[in-house]
Amino acid sequence: MHVQIHSSWEKQLKNVFEDLKFIKLTEFVRKEYRTHKCYPPGKLIFEAFNRCPLDKVKVVILGQDPYHGENQAHGLAFSVEEGVKHPPSLINIFREIEDDISVPYPNNGNLNRWADQGIFLLNSTLSVRANQAGSHQNKGWEEFTDSIIKIISYQKNEIVFMLWGGYAKKKIILIDSSKHLILRSGHPSPLSANKGHWFGNKHFSQCNNYLISKGKTPIIW
């Protein structure tokens, strides 16, 4: 796995990339991609970083695993390629946006349009075997992505962090709440959303109100 990553991130991550743990992780990922069908495509593993350089980050949305179905994952948390059926979590995200800020439900589930506005869509694990959820967990990705959250928290000011579900909420310890806005709710997956833990969180209006209050351009959701 040759890491091709935007220069704004590369500068911050030089020490991480040279660390023995990351080298072991890359060996594991290379072998997995050689011997199994894995997602996202290798060249898109760091797509979230390349679409949203560190100096452009305004909002961080944390996911867990990439989608493990065919043609779904393309390197951005919760996003699917254009023309791909929207997974249940993404449907519920779009439904909440519709209810919260009256943006019509979109045909296109590709969230590049969000990343291009400064939304960093980070999964905690950046790769997965086809049809095997969680198959690349606990191999080193989580430590790597935790270091990313710490870098953003330390280097940046007035970032909106959206933590959805129990797993993402645990990352609050990595974020300086005195200088960032942290929004927490249940996960948009049907299991959580249908129990009343997702709908009505109004994260999208809260995010934009905060950005406006800090003199930043709101997100076109």
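Select Phe22, Leu25, Thr26, Val29 and Glu32, the buried residues of helix α2; buried means under 20% relative accessible area, exposed over 50% and partly exposed in between, with a 1.4 Å probe and protein chains only. They lie on the same side of α2, because they cover an arc of only 125° around the axis, the arc being that of the directions from the helix axis to the C-beta atoms. The model is a predicted one, in which local features need pLDDT of at least 70 and side-chain atom pairs count only at pLDDT 80 or more, while totals for chains, interfaces and linings use all residues. Residues are numbered from 1 along each chain as its sequence is written, and side-chain values use heavy atoms, with hydrogens and water left out.

Next, display the whole of α2, residues 20-35. Helices (H or I, at least four residues) and strands (E, at least two) are DSSP runs, numbered from the N terminus. The end C-alpha atoms of α2 are 23 Å apart, which agrees with the 22 Å that its 16 residues should span; the expected span is 1.5 Å times one less than the number of residues. On the face turned away from the buried side, select the exposed residues Leu20, Lys24, Lys31 and Arg34. At the N-terminal end, Asp19 caps α2, with a side-chain oxygen 2.8 Å from the backbone nitrogen of Lys21.

Proceed to the aromatic residues. Rings of Phe, Tyr and Trp (its six-membered ring) pair if their centres lie within 6.5 Å; planes under 30 degrees apart count as stacked, over 60 as edge-to-face and the rest as tilted. The count comes to 19 aromatic pairs. Among them, Phe49 and Phe120 form an edge-to-face pair, 5.1 Å centre to centre with 80° between the planes. This pair links distant parts of the chain, 71 residues apart: Phe49 is in helix α3 (residues 47-51) and Phe120 in strand β3 (residues 119-123). Both Phe49 and Phe120 are buried.

Then centre on Lys171, in the loop between α7 (165-169) and β6 (181-185). Lys171 counts as buried because its relative accessibility is 10%. Leaving aside neighbours within four places in sequence, Lys171 is in contact (heavy atoms within 4.5 Å) with Leu62, Asp146 and Ile149.

Finally, select the cysteines. The structure holds zero disulfides, a disulfide being a pair of cysteine sulfur atoms within 2.5 Å. For Cys52, the nearest cysteine sulfur is that of Cys207, 12 Å away.

Conventions: Polar contact = N/O pair within 3.5 Å; in protein donor to acceptor, adjacent residues only side chain to side chain.
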